[in-house]
Amino acid sequence: MAHTSSTNAGSTPRTLGAGYLFGVPLGDLGWFGSLLIGVASGFLSFFAATFCAIFAILIYNGATHSAVDFALSYRRIGFPIGVTVMVLALGYLGTLWFKRLLRRS
């Protein structure tokens with residue numbers, strides 16, 4: 001005889017409106033978790049933007065036979081994007097954390 005599984009087959013997926021993003025409970029993070037996720041998202045966006053910029057400069061140099069410096073990829077593209085995403089993420093997660101503190105008291 002087969003046993004029937006009673007896992008969450010009928011439950012609805014957790015969404016951003018319910019305080020979840022890709023299954024991560026953003027509304028339930030503490031100050032250290034918010035700080036860690038915010039900084040990690042900044043690093044991730046820095047490396048992704050730098051990767052894309054390096055390939056864009058590589059294609060541009062190959063197509064135009066010019067010599068654009070690859071250091072521009074992280075100095076003018078990766079760093080500003082990484083800092084912007086980190087500030088936005090820390091601001092958003094910080095407000096969620098602060099709202100949760102206000103609800104408790």
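**View 1. Salt bridge between Asp 69 and Arg 75 in the predicted model.** Asp 69 forms a salt bridge with Arg 75, and the closest N and O atoms of this pair lie 4.0 Å apart. It is the one salt bridge that the structure holds, a salt bridge being a side-chain nitrogen of Lys or Arg within 4 Å of a carboxyl oxygen of Asp or Glu. Asp 69 has a relative accessibility of 46% and therefore counts as partly exposed, and Arg 75, at 46% as well, also counts as partly exposed (buried means under 20% relative accessible area, exposed over 50%, partly exposed in between, with a 1.4 Å probe and protein chains only). The model is predicted, so local features need pLDDT of at least 70 and side-chain atom pairs count only at pLDDT 80 or more, while totals for chains, interfaces and linings use all residues. Residues are numbered from 1 along each chain as its sequence is written, and side-chain values use heavy atoms, with hydrogens and water left out.

**View 2. His 65 in the loop between H1 and H2.** His 65 is found in the loop that lies between helices H1 and H2. Although His 65 is not a glycine, its phi is positive, at about 55°. With a relative accessibility of 73%, His 65 counts as exposed.

View 3. Helix H1 covers residues 31-64, and helix H2 covers residues 72-104 (helices, H or I with at least four residues, and strands, E with at least two, are DSSP runs numbered from the N terminus). The two helices H1 and H2 pack at an angle of about 155°, and their axes are 7 Å apart. This angle makes H1 roughly antiparallel to H2, a description used for angles over 145 degrees. In passing H2, helix H1 makes a right-handed crossing. Gly 38, which has its place in helix H1, counts as buried because its relative accessibility is 0%. The C-alpha atoms of Gly 38 and Val 87 are separated by 7.7 Å, although these residues are 49 residues apart along the chain.

**View 4. A nonpolar surface patch.** Trp 31, Phe 32, Leu 35, Leu 36 and Leu 90 make a nonpolar surface patch of about 520 Å² (patches are made of residues with over 30% relative accessible area and no salt bridge, where like charges are joined within 9 Å and nonpolar side chains, namely Val, Leu, Ile, Met, Phe, Trp and Tyr, within 5 Å). Helix H1 supplies the largest share of the nonpolar patch, four residues. Leu 90, by contrast, has its place in helix H2, and at 30% relative accessibility Leu 90 counts as partly exposed.

View 5. Leu 26 has its place in the loop between strand E2 (24-25) and H1. With a relative accessible area of 8%, Leu 26 is buried. The C-alpha atoms of Leu 26 and Trp 97 are separated by 8.7 Å, whereas the two residues are 71 residues apart along the chain. The protein as a whole has two helices and two strands, and read along the sequence these elements follow the pattern β-β-α-α. Of the 105 residues of the protein, 19% count as buried.

Conventions:
Accessible areas come from the Shrake-Rupley method with a 1.4 Å probe; for residues, only the protein chains shown count as cover. Axes are lines fitted to C-alpha atoms, for helices over the stretch in contact, and angles run from 0 to 180 degrees between N-to-C directions. Angles under 35 degrees count as roughly parallel, over 145 as roughly antiparallel, 65 to 115 as roughly perpendicular and the rest as oblique. A crossing is left-handed if the near helix is turned anticlockwise from the far one by less than a right angle, and right-handed if clockwise.
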